[in-house]
Amino acid sequence: MRKQLKKVLALSCCAALAVLSLSGCAGDQDKRIVRIGHNQSTNHPSHIGLTAFQEFINSQLGDKYVVEVYPSELLGSQTDMVQLTQTGAIDFCIASNSILETFSENYSIFNLPYLFGSQEAYHAAMDDSAVTGPIFESTVDAGFTSVTWLDAGTRNFYTIDKPIYSPSDLAGLKIRVQQSPTNIEMMRLLGGSATPMGFGEVYTSLQSGIIDGAENNELALRDNGHGDICKYYSYDMHQMIPDLLIGSNTFLEGLPEDERAIFEEGFKLLNQVQREAWVEGVEDSINNAINNQGVEFIYPDTKPFQEAVLPLHKSVLSDIPAIQPVYDMIQDYNAQFTEAAE
Ligand code: GCU
């Protein structure tokens with residue numbers, strides 16, 4: 001039902017987009033509408049960040065542009081939105097790094113489990129354009145570029161009724177993963193049964209028992225109601241996968257230099273506001289999960305999980321040698337922050 005409603009909404013929204021692109025908004029005929037889609041609810045940190053971006057651009061360039069933000073998969077699933085951005089039908093969308101690996105294999109790097117040794121190393125690496133540049137620009141030929149990263153915390157397993165203390169607890173469980181070859185292989189190495197699907201389908205699949213669990217950050221418990229169904233959340237911390245704001249090259253390349261500079265400032269603001277809101281969002285989601293949803297948080301030994309999936313680093317690096325220098329830079333950050341903590 002929820003799924004059908006979403007489809008109807010997505011279709012009517014696409015129809016509305018087609019009409020809008022022909023006519024523009026009443027009163028805004030001379031302005032260029034900048035459309036941004038994402039798949040989160042309106043209280044998610046990414047929506048809060050995009051609202052700040054929208055206000056900033058409208059205040060700086062409001063005589064020429066009107067920024068419109070479409071949350072909650074109104075423009076379709078993340079994969080649909082990436083394709084719309086690719087063709088220039090919309091201008092921007094937020095995509096998980098996971099699904100971008102099917103558009104350029106270079107993105108596989110940030111999907112590797114246990115790539116980052118700490119949150120500090122993760123943030124420092126993602127803030128370094130020497131690390132992100134070769135990845136973010138690798139889709140230029142595909143029609144889009146990543147313009148900034150957003151925090152999506154750490155990904156952990158959560159299940160309806162079977163607590164996960166070690167990889168062997170995953171045996172026989174159907175776990176939803178994002179649609180990415182690296183994530184599917186990760187699940188295989190951990191011994192669970194990977195069930196790839198779009199984010200918007202997870203709630204009903206959990207509810208109807210098609211899957212036994214999923215893996216995500218804490219916000220999925222609160223914002224997507226997964227904590228209403230899954231009662232065990234296990235901090236195995238297998239991945240830190242960023243979300244990315246991707247922009248259509250048709251739009252980005254068409255911007256005059258001075259306007260592009262203002263958009264770049266807006267991307268920085270989005271990153272900053274989203275990351276601040278992220279910290280609060282995680283805290284609130286944990287409190288809500290404990291106090292209102294009855295979720296139990298488990299802190300397993302992460303070593304057996306790490307040992308099971310480390311072969312993936314080697315195989316991905318040998319398949320995609322171009323990402324080796326980026327991998328090495330990340331290892332330097334890992335070493336730097338481990339030393340700092342000692
Ligand atoms: C996180 C991430 C989303 C992604 C989702 C998923 O919520 O922020 O971008 O779509 O995970 O698991 O699909």
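Which residues surround the ligand? I began there. I found Asn39, Gln40, Gln78, Ser96, Ala152, Arg155, Arg176, Gln178, Phe199, Asn216, Asn217 and Asp243 around the ligand. A residue goes on this list if one of its heavy atoms lies within 4 Å of the molecule.

**Ground rules.** I am working with a predicted model, where local features need pLDDT of at least 70, side-chain atom pairs count only at pLDDT 80 or more, and totals for chains, interfaces and linings use all residues. Numbering runs from 1 along each chain as its sequence is written, and side-chain values use heavy atoms, with hydrogens and water left out.

**Ligand shell.** I sorted the shell by class and got 2 nonpolar, 7 polar and 3 charged residues. In this scheme Ala, Val, Leu, Ile, Met, Phe, Trp, Tyr, Cys and Pro are nonpolar, Asp, Glu, Lys and Arg are charged, and the others, Gly among them, are polar. I then checked the domains. Domain 1 (2–152 + 242–284) and domain 2 (155–240 + 288–341) each give at least three residues to the shell. Those bounds come from an automatic or database domain assignment.

**Polar contacts.** I looked for pairs of N or O atoms within 3.5 Å. Asparagine 39 has a polar side-chain atom 2.9 Å from a ligand oxygen. For glutamine 40, the distance from a polar side-chain atom to an oxygen of the ligand is 3.1 Å. For glutamine 78, I read 2.8 Å, again from a polar side-chain atom to a ligand oxygen. The ligand on its own has 320 Å² of accessible area, and the protein covers 97% of this. The areas come from the Shrake-Rupley method with a 1.4 Å probe.

**Cysteines.** How many disulfides are in the whole structure? My search found 0. A disulfide would be a pair of cysteine sulfur atoms within 2.5 Å. I also looked up accessibility, where buried means under 20% relative accessible area, exposed over 50%, and partly exposed in between (1.4 Å probe, protein chains only). Cysteine 93 is buried, at 0%. Cysteine 230 is buried too, at 1%.

**A loop with positive phi.** I moved to the loop between β2 (65–70) and α3 (78–87), where serine 72 sits. Helices (H or I, at least four residues) and strands (E, at least two) are DSSP runs, numbered from the N terminus. Serine 72 is not a glycine, yet its phi is positive, near 55 degrees. Glutamate 73 is in the loop between β2 and α3 as well. Its phi is about 60 degrees, also positive in a residue that is not a glycine.

Is glutamate 73 buried or exposed? Glutamate 73 counts as buried because its relative accessibility is 12%. Serine 72, at 33%, is partly exposed.

How values were computed:
A polar contact is a pair of N or O atoms within 3.5 Å; within protein, one must be able to donate a hydrogen and the other to accept it, and residues adjacent in sequence count only if both atoms are side-chain atoms.
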